[in-house]
Amino acid sequence: MAAAADSECKRSLNRRPSSSSFRLRCSSLNSLRLRRVFDIFDKNRDGLITVQEIHQALTRLGLETDVSDLDSTIRSFIKSGNIGLTYDGFVALHESLDQRLFGLEMEEEVAEEDESESDLTEAFKVFDEDGDGYISAEELQAVLGKLGLPEGREIDRVEKMICCVDQNHDGRVDFFEFKHMMQSVVVRTS
């Protein structure tokens with residue numbers, strides 16, 4: 001049954017997202033999220049993400065990619081002499097994909113608060129795998145595992161993460177707790 005669900009859930013990068021809520025429209029949250037994604041993809045922490053590192057991360061998330069297609073898409077954003085994308089190249093790639101997928105200019109400060117909330121809701125749904133309105137330790141562990149993060153292998157660490165965010169002490173993270181946590185995140189600088 002899990003294998004059937006996995007095959008149904010496989011998504012392709014070639015498929016257009018079903019809604020523009022996929023876009024990260026709030027510029028400050030967009031920058032924060034892009035930095036966090038870059039850091040997750042940069043497995044060896046060398047400040048560069050290679051085509052292979054991106055391919056591995058996308059595969060773990062269930063996104064089917066062809067390495068040669070990915071390479072041809074990314075290659076023009078890699079600075080001459082580098083083996084991978086710098087953070088600035090990654091941002092440029094994101095902006096280019098945003099234009100290609102949505103054909104819209106990034107709009108500054110247009111209903112930023114509502115858009116921010118919408119982006120947080122979409123992010124919350126990634127972790128709330130069963131759609132019950134809560135993130136359990138098991139759901140968080142599954143997503144961390146898909147990303148290849150070491151915390152995904154240790155339920156004790158995941159439970160501690162939940163406890164740090166769980167303000168009402170019910171053993172789960174609801175949307176408001178998630179939102180509070182996301183708004184208080186500080187990005188590490190390179």
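**Entry 1: Ile54**

I began with Ile54, which is buried, with a relative accessible area of 5%. Buried here means under 20% relative accessible area, exposed means over 50%, and partly exposed lies in between, using a 1.4 Å probe and protein chains only. I noted that this is a predicted model, where local features need pLDDT of at least 70, side-chain atom pairs count only at pLDDT 80 or more, and totals for chains, interfaces and linings use all residues. Residues are numbered from 1 along each chain as its sequence is written, and side-chain values use heavy atoms, with hydrogens and water left out.

Next I looked up where Ile54 sits, and found it in helix α3. Helices (H or I, at least four residues) and strands (E, at least two) are DSSP runs, numbered from the N terminus. Which residues does Ile54 touch, not counting residues up to four places away in sequence? I found Phe41, Ile49, Leu70, Ile74 and Leu85, where contact means heavy atoms within 4.5 Å. I also checked Asp42, twelve residues from Ile54 along the chain: their C-alpha atoms are separated by 8.4 Å.

**Entry 2: around helix α3**

I listed the buried residues of helix α3 (residues 51-60): Val51, Glu53, Ile54, His55, Ala57 and Leu58. After α3 comes Gly62, with a positive phi near 85 degrees.

Then I stepped back to the loop between α2 and α3, where I found Thr50. Thr50 is buried, at a relative accessible area of 19%. Leaving out residues up to four places away in sequence, Thr50 touches Ile83 and Gly84. Arg45 lies in that loop between α2 and α3 too. I marked Arg45 for its positive phi of about 55 degrees, although it is not a glycine.

**Entry 3: the whole chain**

I zoomed out and counted nine helices and four strands in the protein chain. Along the sequence their pattern reads α-β-α-α-β-α-α-α-β-α-α-β-α. Of the 190 residues in the protein chain, 37% are buried. How much of the contacts with a separation of 6 or more comes from residues 24 or more positions apart? I wrote down 56% for the protein chain.

**Entry 4: aromatic rings**

I looked for aromatic pairs next. Rings of Phe, Tyr and Trp (its six-membered ring) pair if their centres lie within 6.5 Å; planes under 30 degrees apart count as stacked, over 60 as edge-to-face and the rest as tilted. By this rule I get seven aromatic pairs. Why is the pair of Phe41 and Phe90 edge-to-face? The ring centres of Phe41 and Phe90 are 6.2 Å apart and the planes stand at 75 degrees, so the pair is edge-to-face. Phe41 is in helix α2 (residues 27-41) and Phe90 in helix α5 (residues 87-102), so the pair ties together parts that are 49 residues apart in sequence. Phe41 counts as buried at 9% relative accessibility, and Phe90 counts as buried at 8%.

I then turned to Phe124 and Phe175, an edge-to-face pair with 5.7 Å centre to centre and 85 degrees between the planes. This pair links distant parts of the chain, with Phe124 in helix α6 (residues 112-127) and Phe175 in helix α9 (residues 175-183), 51 residues apart. I found both Phe124 and Phe175 buried. Ring pairs also link Phe124, Phe127, Phe175, Phe176 and Phe178 into a cluster.

**Entry 5: charges over rings**

I checked for charges over rings, which count if NZ of Lys or CZ of Arg is within 6 Å of the ring centre and within 35 degrees of the ring normal. Arg35 lies over the face of Tyr87, 4.4 Å from the ring centre. Over the ring of Tyr134 I found the charged end of Arg172, 3.5 Å from its centre.

**Entry 6: His169**

My last stop was His169, in the loop between α8 and β4 (173-174). Is His169 buried or exposed? At 70% relative accessibility, His169 counts as exposed. Its phi is near 60 degrees, a positive value in a residue other than glycine.
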